[in-house]
Amino acid sequence: MTHQIAVIPGDGIGQEVTPAAVDVLAALDPDFEFVEGEAGDAVKAETGEALPQATRDLAADADATLFGAAGETAADVILPLREVVGSFANVRPARSYPGLDAVQPDTDLVFIRENTEGVYSGIESEITDGVTTLTRVITEDASRDIAEFGFDYAAENGYDDVTIAHKANVMRTTDGEFLAAAEAVGDARDADYDTALMDALAMHLVMRPEEYGVVICPNLAGDMLSDLAAGLVGGLGLLPSANVGRENALFEPVHGSAPDIAGEGVANPTAMILSAAMLLDHLGHSDEAARVRAAVEDVLDAGPRTPDLGGDATTEDVTEAVVDAL
Ligand code: ATP
């Protein structure tokens with residue numbers, strides 16, 4: 001069966017790493033049809049809209065979407081796109097690789113981040129000059145859904161340690177709800193799990209990441225803790241992610257448009273290529289996904305490497321090496 005893949009490179013290094021992932025997918029020759037859409041700062045400057053309706057429709061109709069990055073318009077692009085694909089779970093694996101100089105070489109973490117609410121609810125206002133507010137929405141339904149997803153993920157992927165991150169000692173009502181709903185899911189399954197205050201957890205993740213596996217998080221905590229974990233394993237150039245819905249999904253690197261290196265051709269394509277591997281898994285091409293991960297690991301170990309990993313290779317050099325390793 002042919003799968004239609006929406007490809008939305010977006011801005012900055014999204015324009016460089018997205019074609020790299022498409023090259024890798026194309027080299028595997030699965031039955032994919034790629035359809036490209038526009039989004040981000042450049043299309044906003046041209047048309048006034050950061051996420052044109054045609055791109056929304058493309059993502060809605062596709063079997064899966066590969067998204068690069070958006071610059072200043074990121075919130076106007078990725079938040080609605082996650083909604084278009086009905087994504088409630090953001091899966092962000094962070095692991096160290098042989099041969100790379102990681103701060104913590106024994107890291108194998110997966111952040112399961114609630115993807116629809118929390119402080120990213122978008123309900124912000126300026127009450128008066130100099131006084132602003134934000135409404136943090138936490139519902140029992142969304143908290144239960146993300147916990148169910150997290151416990152399922154841990155069981156299906158062989159992770160024994162599940163941690164529920166929260167700050168219910170301060171945000172008593174909202175994180176109280178999140179924690180109670182997530183604990184109820186764990187208890188109903190008779191699962192082994194821990195709970196952790198998210199600030200202390202940040203410290204423990206830096207000092208002893210090997211004691212953790214799957215971390216179920218409210219929205220902002222998942223965003224921040226996964227970037228922290230990127231620092232443990234070698235940087236944002238390595239972290240892929242999946243935005244999973246019930247019937248559709250979108251795959252993107254954890255990093256943004258990286259304006260500081262955009263246009264230089266030196267962005268690390270690994271995060272985007274590993275996002276494509278998650279897409280392959282999602283569409284049932286598990287063997288191909290495993291091949292991509294093995295090829296990426298070979299290249300991370302033996303080189304070539306982009307400057308963020310201490311090398312002097314270009315995005316294209318690394319992509320070609322991954323394709324060759326396949
Ligand atoms: P956003 O708010 O969208 O996350 P940002 O500019 O704050 O965007 P990133 O774009 O993720 O954050 O970049 C953060 C830092 O990490 C920058 O110094 C950037 O160059 C570096 N970086 C991010 N992605 C890559 C990559 N693929 N290869 C090399 N360096 C990267």
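## Buried face of helix H5

In this predicted model, the buried residues of H5 are Ala142, Ser143, Ile146, Ala147, Phe149, Gly150, Phe151, Tyr153 and Ala154. Their packing partners are strands E4 (87-95), E5 (108-114), E8 (162-166), E10 (214-217) and E11 (240-245), together with helix H6 (174-188).

## Extent of the helix

H5 covers residues 140-156, 17 residues in total. From first C-alpha to last, H5 reaches 24 Å, close to the 24 Å expected at 1.5 Å a residue. Gly158, which follows the helix, has a positive phi, near 75 degrees.

Arg144 and Glu140 form a salt bridge with an N to O distance of 3.9 Å. The two residues lie 4 apart in H5, so about one helical turn separates them. Arg144 is partly exposed at 31% relative accessible area, and Glu140 is also partly exposed, at 46%.

Asp145 pairs with Arg246 in a salt bridge, with the closest N and O atoms 3.0 Å apart. This pair links distant parts of the chain, 101 residues apart: Asp145 belongs to H5, and Arg246 to the loop between E11 and strand E12 (249-253). Asp145 is partly exposed at 26% relative accessible area, whereas Arg246 is exposed at 60%.

Glu148 of H5 forms a salt bridge with Arg189 at 2.6 Å, N to O. Arg189 sits in the loop between H6 and strand E9 (194-197), 41 residues from Glu148. Both are partly exposed, Arg189 at 33% relative accessibility and Glu148 at 30%.

## Salt bridges overall

Note on methods
Residues numbered from 1 in each chain as written. Predicted model: local features only at pLDDT ≥ 70, side-chain atom pairs only at ≥ 80, totals over all residues. Heavy atoms only, no water. Expected span 1.5 Å × (residues − 1). Buried < 20%, exposed > 50% of the residue type's maximum accessible area, 1.4 Å probe, protein only. Contact = heavy atoms within 4.5 Å. Salt bridge = Lys/Arg side-chain N within 4 Å of Asp/Glu carboxyl O.
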